[in-house]
Amino acid sequence: MARTLRARFLVLLLSVSVLRAHCRFLQNNNIYKDDFYSFLNSELKRETSPQEEGQGEELYRRPLRCLDMVAVDGQFTFTADRPQLSCAAFLLAEPDQVIEVEYDSVDIDCRGGDFITVFDGWVMKGEKFPSSQDHPLPLHERYVNYCSMGSLRTTVRSNQNVAMVFFRVHNAGSSFTLTLRKHVNPFPCNVMSQTPEGSYTMVIPQQHRNCSFSIVYPVAIDISEFSLGRFNNVPKRSMPGCADSGDLVQLLGGNSLDTMKLVPITDVCVSFTGPTHMKVACDNTVVRMVSSGTFVNRVSFSYRMLDRHELQNIKLNNVEDFCFNN
């Protein structure tokens, strides 16, 4: 694959910048895709807070790096030792959680071009998770700039288990402190998986919305159940019969972060009890549920990362070759 999704994650980690007025990216650099695996595994799995280790209620504290990934509650302070013009922190919680970002103290020069912007989701090179089609807010409302917030608002909360903080400071000594807290989300909709294997059940309680579960690995996936709230024990139906259905589950694959740019692999629009097993050799595999709001929709699935032998067999057999060519 010429430039994979994971490679472009690292491109973003090395070079991210946003125009305050238009929220556009300015530059990109090259990076090896394998670095993302080591960054993801080391940063997420090694860092734990005292509360998570059962060591009481002491607030976890550490410096925030210009390029960072944070998956724990705590207080994070950035202090510039030189101008830092392209910084970003990826925030990640458990699937059933949302993220709250609180500004504790901020000493930056907003008039001089400094900014701190929280994005509701993850974004890179114009590709967003959740996609604009799946997120409840319009795109411009997903960017919240500290310098435009006013003194009465000090917190920002995400709608899903991922968020990002972009920041730029021009002067050494500029600093800010953020407190990150995770809160339970009773009906998670859009989820970015923390791990390359696991299981999950997605439920949409009679709401007209689309929900996606994104796995940023090539995976073997088993969809074991899909329920529309009624019409049980009816044989499952796949495309093209689902084209006009208002309630369906889509399995998508590709090398983009944005679900709107992924390739449909299969659709299912009638309740069934599985399993439906597939191997998807893409950088991003997404289970997406479309709900009309008529039913309580539910889909259950499990997944695991494909090993090198499985990936090689798929490539040799020319299966899912859109994943290798895109």
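1. Let's start with D81, which is exposed, with a relative accessible area of 59%. Keep in mind as you look around that this is a predicted model. D81 has a partner in R82, and their side chains meet in a salt bridge at 3.3 Å, N to O. R82 itself is partly exposed, its relative accessible area being 46%.

2. How many salt bridges does the structure hold? The count is 10. As a reminder of the general idea, side chains of opposite charge can pair when their charged atoms come close.

3. Now have a look at R181 and E102, whose side chains form a salt bridge at 2.6 Å, N to O. This pair links distant parts of the chain: R181 belongs to strand β12 (residues 175-184) and E102 to strand β5 (residues 97-107), with the two residues 79 apart.

4. Is E102 buried or exposed? E102 is buried, because its relative accessible area of 19% falls under the 20% cut-off. R181, at 34%, is partly exposed.

5. R181 and E102 also take part in a network of salt bridges, in which E100 and R157 are linked with them.

Methods:
Residues numbered from 1 in each chain as written. Predicted model: local features only at pLDDT ≥ 70, side-chain atom pairs only at ≥ 80, totals over all residues. Heavy atoms only, no water. Salt bridge = Lys/Arg side-chain N within 4 Å of Asp/Glu carboxyl O. Buried < 20%, exposed > 50% of the residue type's maximum accessible area, 1.4 Å probe, protein only. Helix = DSSP H or I, 4+ residues; strand = E, 2+ residues; numbered from the N terminus.
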